[in-house]
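Here is a short note for a colleague who has not seen this model before. Please read the points with the structure open.

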Amino acid sequence: MSTQKITIEYDDTTVRYFMIASVIWGAVGLLVGVLIASQLNFWQMNFNMSWLTFGRLRPLHTNATIFAFVGNMMFAGVYYSTQRLCKARTASDLLSKIHFWGWQLIIVAAAITLPLGYSRGKEYAELIWPINIAVAGIWVIFGINFFWTLAKRNEKSLYVAIWFYIATIVTVAMLYIVNHLSLPTGPLHSYPLFGGVQDALVQWWYGHNAVAFFLTTPILGIMYYFIPKAVERPVYSYRLSVIHFWSLVFIYIWAGPHHLLNTSLPSWLQSLGMIFSLMLWAPSWGGMLNGLLTLRGAWHLLRTDPVVKFLAAGVTFYGMSTFEGPLLSIKSVNALSHYTDWTIGHVHGGTLGWNGFMAAGMFYWLAPRLFKTKLHSVAMANMHFWLGMIGILLYVASMWVSGIMQGLMLNGTNEDGTLLAYPNFLETLQAIRPMMLTRVVGGTLYFVGYLLMVYNLFKTFASGSPVNGTVEVEADEKTIAKIEQKFPGFINAPVLYSCGLILFSCIWMFGDGIWMILGLILTIAVCVAAIMHFEIAGSKWSQWYDQLLEHSYVFTILVFIAAAIGGAVQIIPTVTINRADNIEGRIQVPYTPLELAGRDIYVSEGCYNCHSQMIRTMVSDVMRYGDYSRLGESIYDHPYQWGSKRTGPDLAREGGRRSDDWHYFHMINPRDISPQSNMPAYPWLNTADYDLKALPAKIDAMRRLGVPYPMDLSEEDIHEQARAQAIEIANGLNERGAVTDENKQIIALIAYMQKLGKYTDTTQVTMNPTENQE
């Protein structure tokens with residue numbers, strides 16, 4: 001076999017670009033985070049400007065930190081480590097450039113559209129449909145470049161970091177595309193294909209696993225590469241990394257429903273989400289221990305090396321977050337924590353501690369090597385560490401106290417359980433204000449520490465000059481291609497046992513009677529057979545896995561199957577069966593054209609960030625807000641608006657509870673109605689007109705999505721209905737001293753608010769739906 005010695009120069013220019021972009025966007029995301037945290041304490045910091053309100057800036061903060069900060073950091077780490085693990089330059093410099101500049105343009109587009117109110121109204125999925133198409137396109141370009149590089153590699157076997165990168169690329173593509181399926185009504189607006197409970201399930205299948213496969217798996221790959229590099233030690237346990245990877249990829253995807261516990265989501269899905277969330281403890285902590293134990297023999301570096309400080313602390317925060325996450329998925333604990341600041345503390349412990357510290361550690365390690373110099377100031381990096389650590393602890397601790405206090409107050413009743421202990425929602429808000437202020441202090445300390453890193457890194461960049469890494473390899477150019485062509489097949493013991501275990505477990509979990517017993521017996525039988533077979537022929541299993549790691553495409557297919565199973569089992573039955581059959585005796589009354597326009601304004605203003613529209617099956621929720629929500633009551637909501645945080649009260653049954661003028665004055669200046677409110681004022685709603693011309697296209701889209709609007713409803717009819725309802729509301733307001741006219745957005749929003757909670761009782765077919773209350 002002929003071989004040749006070649007020198008490969010890595011494309012580190014792309015790595016530098018992504019790292020610098022991450023550093024800059026991270027500062028933007030944190031600055032916005034400090035601002036919106038301050039807005040929750042001081043309503044004046046909304047500045048009475050539509051594009052600076054909490055509801056519009058909170059999506060900007062989350063998107064900036066996830067996709068701009070962590071996204072660019074992830075790409076930098078992937079491009080740097082993949083080239084070295086493959087001993088090959090990235091396949092296409094052109095695709096790398098398109099990837100970088102395309103991703104930055106997407107971020108800029110998001111930074112413009114979100115404050116302007118262009119939003120899909122779904123957490124972590126707010127971007128409008130043209131941007132979503134661009135995201136999918138750029139992600140495909142990234143994937144092509146990555147797998148093309150694997151095909152050109154000069155290293156036969158795939159290292160563990162590559163496994164996690166593969167899982168990230170294929171799973172994020174699946175999640176993003178399915179959750180962002182939309183029907184456009186115009187160039188900047190669309191409605192999701194799914195509605196109600198289907199949309200809720202798909203959203204949190206995406207939302208939970210966006211955390212898993214965008215904020216976790218790629219960073220785990222970075223952990224498996226950079227920690228051994230930083231401490232010059234091999235990974236603690238190769239076998240543990242195998243177990244960690246496959247169990248995490250398979251189990252994580254099932255856990256999304258734990259975000260919807262105690263809601264109208266079918267109970268089997270809630271139980272499934274909780275069970276798989278608890279199962280996540282094992283693989284998550286396996287990965288954490290594998291990372292920390294890699295430091296064995298190098299713990300002394302924690303005293304002197306800021307890189308090791310950040311990486312070790314980051315992995316520790318990963319362990320803390322992955323312990324807390326399953327804890328919060330227990331139904332009784334979730335009843336206390338959900339809709340409160342406890343969840344916020346959990347999310348930020350992971351984002352600031354795991355993602356933020358891992359990014360800092362990677363940046364401090366990369367900067368001297370990418371610019372052939374020394375880190376400008378080790379002391380400044382250490383100061384950054386301690387400011388960040390104290391900031392995180394203040395932030396998370398205050399949110400724990402705030403969340404538990406608010407949960408206890410909102411759920412509290414008297415000794416007889418007949419009255420709420422704190423009937424006024426604002427009582428709970430006032431009680432947690434000191435903790436919310438502490439959060440601002442903690443976030444500011446973290447931000448100051450981050451700014452020290454920005455200064456430190458740019459001084460480091462300036463002291464050196466860009467340099468690309470090189471490596472000499474001896475390789476037969478056709479070796480890898482020949483290996484990839486030898487398809488080993490899927491008919492082998494590990495795959496067959498895995499398929500049998502999944503199949504029989506599903507029969508056990510979802511079957512009734514004899515099928516459930518049969519499924520349990522077969523599940524146990526497969527487990528016993530697999531263990532016995534492994535004890536007898538374990539070396540052959542290891543040999544098969546080693547062979548699998550030489551076949552990137554087969555490996556990728558197996559990863560996709562493992563990740564897709566959970567979503568298919570949960571989503572397909574819900575979408576196909578629960579659409580009209582399981583409405584629990586109630587079905588939503590479709591919105592009138594004006595009410596639909598008002599709903600779009602509600603979504604645009606980001607009201608779902610503070611208000612839920614889901615009364616849980618809990619005594620305290622029912623006593624506070626009214627009868628618990630049923631599946632059919634949100635069946636026509638595209639997007640669903642169940643929410644995940646209550647900074648304000650639930651609105652599921654708000655319709656008819658208060659007068660039109662109460663809503664008017666409450667929106668113009670909430671302090672006129674509730675002096676202790678921290679809600680922003682929305683005076684522009686009384687000066688801006690709602691979009692009457694867009695209503696026919698929106699009604700047509702809703703009709704296509706299954707909302708039963710009459711087929712003969714013409715454009716003129718839609719306009720006339722909207723005008724007539726608007727004139728009626730405006731006249732009533734003017735009579736009560738609320739000066740406005742029928743074309744203003746506040747009129748449409750009031751119409752929508754007064755519709756909330758209206759349904760038809762399908763058990764009483766003669767009921768007039770407009771007469772129904774609750």
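1. Start with C527. Its sulfur lies 13 Å from the closest cysteine sulfur, in C506, so the two are too far apart for a bond. A disulfide here is a pair of cysteine sulfur atoms within 2.5 Å. C527 is partly exposed, because its relative accessibility is 32%. The classes are buried under 20% relative accessible area, exposed over 50%, and partly exposed in between (1.4 Å probe, protein chains only).

2. This is a predicted model, where local features need pLDDT of at least 70, side-chain atom pairs count only at pLDDT 80 or more, and totals for chains, interfaces and linings use all residues. Residues are numbered from 1 along each chain as its sequence is written, and side-chain values use heavy atoms, with hydrogens and water left out.

3. Now C607. The closest cysteine sulfur is in C610, 8.2 Å away, too far for a bond. C607 is buried, at 14% relative accessibility. The structure holds zero disulfides.

4. Turn to helices α7 (residues 217–231) and α8 (residues 238–252). Helices are DSSP runs of H or I, at least four residues, numbered from the N terminus. The pair packs at about 170°, with axes 12 Å apart. Axes are lines fitted to C-alpha atoms over the stretch in contact, and angles run from 0 to 180 degrees between N-to-C directions. So α7 is roughly antiparallel to α8, a term for angles over 145 degrees.

5. Which residues in α7 meet α8? They are T217, L220 and Y224, facing S241, H244 and L248 in α8. Contact means heavy atoms within 4.5 Å.

Methods:
Helix = DSSP H or I, 4+ residues; strand = E, 2+ residues; numbered from the N terminus. Parallel < 35°, antiparallel > 145°, perpendicular 65-115°, else oblique.
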